[in-house]
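Morning, everyone. Please bring the structure up on your screens. I'll walk through the sheet first, then the helices around it.

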Amino acid sequence: MAKPVKDKETQLREQQEAETRRRQYRTNQEETRKKLKHARFEESEPVEDTDGKAQVHLPRKRFYRQRAHSNPFSDHRLEYPRSPEDMKWEKLYPQYHDKDSDSMLSKVEIADIGCGYGGLLTKLAPEYPSTLILGMEIRVQVTQYVEDRIIALREKHKDDEVNFQNISVLRGNAMKFLPNFFQKGQLSKMFFCFPDPHFKQRKHKARIITNTLLSEYAYVLREGGVVYTITDVEDLHIWMAKHLEEHPMFERLDKAWEEQDKCVSIMYNATEEGQKVTRNKGSKWIACFRRLPTPEDCD
């Protein structure tokens with residue numbers, strides 16, 4: 001039996017009601033962020049339910065919908081430090097800040113560029129419990145989702161050995177401001193998981209892997225550090241591998257290395273985009289590259 005066709009007025013009313021619910025949900029989540037202990041807020045009192053117990057819920061992704069792509073060349077009114085020394089990391093990783101000396105006990109060593117909804121961050125956290133891991137995401141609502149996800153995980157597991165205090169996220173444009181956040185040779189791993197393919201040739205300049213950007217990645221990546229790439233678009237895989245192979249500061253790691261590296265396995269299965277590709281029985285292409293030592297005449 002065919003479903004009755006809704007008139008335009010009914011469709012419009014339902015769309016407006018759905019948007020109202022999304023706005024109300026995000027407003028409530030914003031209030032929760034302000035009350036929970038988290039990177040960007042000073043208050044540390046958790047939201048309490050009527051029984052006096054801390055009420056923590058994982059965010060619902062459907063309320064954070066946003067376009068899949070964002071123009072990396074646009075002015076997104078982003079906040080970024082003038083230099084890595086000006087970055088207030090204690091706001092993102094409060095448990096790794098020594099108040100007596102007003103200094104961080106550790107530095108970020110792993111970066112997930114374009115972290116999406118944070119699946120890789122949450123899987124890396126228990127594998128590297130003493131390493132600070134940062135996700136960078138340019139889309140506003142997606143960043144807010146990851147913030148809320150980390151808030152909930154920190155509260156839910158605050159008494160556990162793995163408490164997710166070592167992961168955080170910030171809204172940033174890695175194509176423009178990466179050296180503003182990281183010092184020379186600071187990172188040991190960089191992940192580029194299912195980046196925007198920018199299919200049209202005139203938009204290839206917006207791809208996250210280019211010769212110019214690779215020089216910046218080589219600057220913030222320490223010698224021996226690894227760049228991880230994965231995509232479900234073969235053309236993009238060929239593009240990324242070609243540019244990395246041609247760059248003098250990177251060498252490709254072979255399949256034997258990939259098979260024994262735990263991060264490759266995590267990357268293959270952890271991200272939401274990767275899980276969607278698996279559900280759709282699509283292909284995934286991986287390429288990993290080691291950062292070579294800097295030539296003496298270039299130091």
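Start with strands E7 and E9. They run antiparallel, and six bridges join them. To place yourself in that pair, find Thr 229, which stands opposite Ala 287 in E9. Keep in mind that this is a predicted model.

Now zoom out. What is the strand order in the open sheet? It reads E5-E4-E3-E6-E7-E9-E8, seven strands with mixed pairing. E5, residues 167–171, and E8 stand at the edges. Each has a single partner strand, so one side of each is left without a neighbour in the sheet. From one strand to the next, the twist averages 20°.

Next, the helices that pack on the sheet. H2 touches E3, E4, E5 and E6. Its direction makes about 180° with that of E4. H6 touches E7, E8 and E9, and its direction makes about 15° with that of E9.

Is Thr 122 buried or exposed? Buried: its relative accessible area is 11%, and the cut-off is under 20%. Leaving out residues up to four places away in sequence, Thr 122 touches Arg 149, Leu 153, Phe 164 and Ile 167.

Last, helix H5, residues 211–220. Its buried residues are Leu 213, Leu 214, Tyr 217, Ala 218 and Val 220. Seen down the axis of H5, they fall within an arc of 165°, so they line one face of the helix. What covers them? The cover includes helices H4 and H6, along with strands E6, E7, E8 and E9.

Technical notes:
Residues numbered from 1 in each chain as written. Predicted model: local features only at pLDDT ≥ 70, side-chain atom pairs only at ≥ 80, totals over all residues. Heavy atoms only, no water. Buried < 20%, exposed > 50% of the residue type's maximum accessible area, 1.4 Å probe, protein only. Helix = DSSP H or I, 4+ residues; strand = E, 2+ residues; numbered from the N terminus. Arc of directions from axis to C-beta. Contact = heavy atoms within 4.5 Å. Pairing = 2+ DSSP bridges. Axes fitted to C-alpha atoms, helices over the stretch in contact; angles between N-to-C directions.
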